[in-house]
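Trainee: I am new to this structure. Could you take me through the terms?
Mentor: Gladly. Have a look first.

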Amino acid sequence: MAPRWKWKGAEAKALAEPISKSVTELQLSLSKTESSGTLSSSNVLLAVEPEQAELLDRCCFGRLVLSAEKAKKWIQLSFEEAFFLFYSLKCIKISLKGRYLEDEVDTWTYMKSKRPNFPIFYKAYSHLRSKNWVLRSGLQYGVDFVAYRHHPSLVHSEYSVLVQSGDSDRLIVWSDIHCAVRLSGSVAKTLLTLYVNGYFKGEDLNLPVCLENFTVEEQTISRWSPQLSREDETTNSKPNVTPLLSNLKNL
């Protein structure tokens, strides 16, 4: 699927300001000021300078929390976003009840205690984010994430993303697959499943180093289109039949 830019000139703007460049600027800026986020039961509230809030928006990390305070801006981050900034980019600090969690294991343990499936979802999130895809919550589309090629103000999302693991019971029957594919197609997205493979039980998940043992398999699923498979009456060529399930696709 080709990118669907939202306005004329959006593609040129995206090429001039690649996400990778913005993320590097954000990483340097947050590291200099030692920005700190506070853990709650479901997200992280990050206090930043106004310029950093703009950078976070350009990189699509978190959502701005309205506040009358002008000197500081407050950004609400999901667990995946916060841990990516903390663990992968190493550019923020995280505190809990006024105490900094210097050890990444403490942060990982807390997030996992609140969301047992956090390791699987973080692996999927970091897998795409490290490839400079922009991810947002896919709750309104019935999926885990939606993936954008660039900033959502410039381009429509291309993929609706479902995260699967070895013990997952999602998409195990055809009716589930049809529903997910049909819903994605109705909003002009391709269904992308990320199969996170590895060891999911025992003490292996208690440390963030377990991420190194995980692999992610990407697969797109699309509907069979009769229009693309009819015999061409003008050339009398044979029908070009396309499969229901697509091949593995590297993003």
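Mentor: Phe79, Ala82, Phe83, Phe86 and Tyr87 in α4 meet Glu104, Thr107, Trp108, Tyr110, Met111 and Lys114 in α5. Contact here means heavy atoms within 4.5 Å. By class, these residues are eight nonpolar, one polar and two charged. This is a predicted model, where local features need pLDDT of at least 70 and side-chain atom pairs count only at pLDDT 80 or more, while totals for chains, interfaces and linings use all residues. Residues are numbered from 1 along each chain as its sequence is written, and side-chain values use heavy atoms, without hydrogens and water.

Trainee: Why are α4 and α5 called roughly antiparallel?
Mentor: α4 and α5 (residues 104-114) pack at about 170°, with axes 11 Å apart. Angles over 145 degrees count as roughly antiparallel. Therefore α4 and α5 are roughly antiparallel to each other.

Trainee: What makes the largest pocket a pocket?
Mentor: A pocket is an open set of points on a 1 Å grid, where a 1.4 Å probe fits, with protein on both sides within 12 Å along at least five of seven lines. The largest pocket has a volume of about 480 Å³. Of its 21 lining residues, the closest to its centre are Ser78, Glu80, Ser137, Asp144 and Phe145. Lining residues have an atom within 4 Å of a point. Elements giving two or more residues to this lining are β4 (73-77), α4 (79-88), α6 (118-129) and β7 (134-137).

Trainee: How do you know where the largest pocket lies relative to domain 1 and domain 2?
Mentor: Domain 1 (17-115) and domain 2 (116-224) both give residues to its lining, so the largest pocket lies between them.

Trainee: What makes phi of Glu34 worth a remark?
Mentor: Most residues other than glycine have a negative phi. Phi of Glu34 is near 50°, a positive value, and Glu34 is not a glycine. Glu34 sits in the loop between α2 (19-33) and β1 (36-39).

Trainee: What is phi of Ala188, and where is Ala188 placed?
Mentor: Ala188 has a positive phi of about 60°. Its place is in the loop between α7 (174-186) and β10 (190-197).

Note on methods:
Grid points are joined across faces, edges and corners, and a volume is the space filled by probe spheres set on the points. Helices (H or I, at least four residues) and strands (E, at least two) are DSSP runs, numbered from the N terminus. Domain bounds come from an automatic or database domain assignment. Axes are lines fitted to C-alpha atoms, for helices over the stretch in contact, and angles run from 0 to 180 degrees between N-to-C directions. Angles under 35 degrees count as roughly parallel, over 145 as roughly antiparallel, 65 to 115 as roughly perpendicular and the rest as oblique. Ala, Val, Leu, Ile, Met, Phe, Trp, Tyr, Cys and Pro count as nonpolar, Asp, Glu, Lys and Arg as charged, and the others, Gly among them, as polar.
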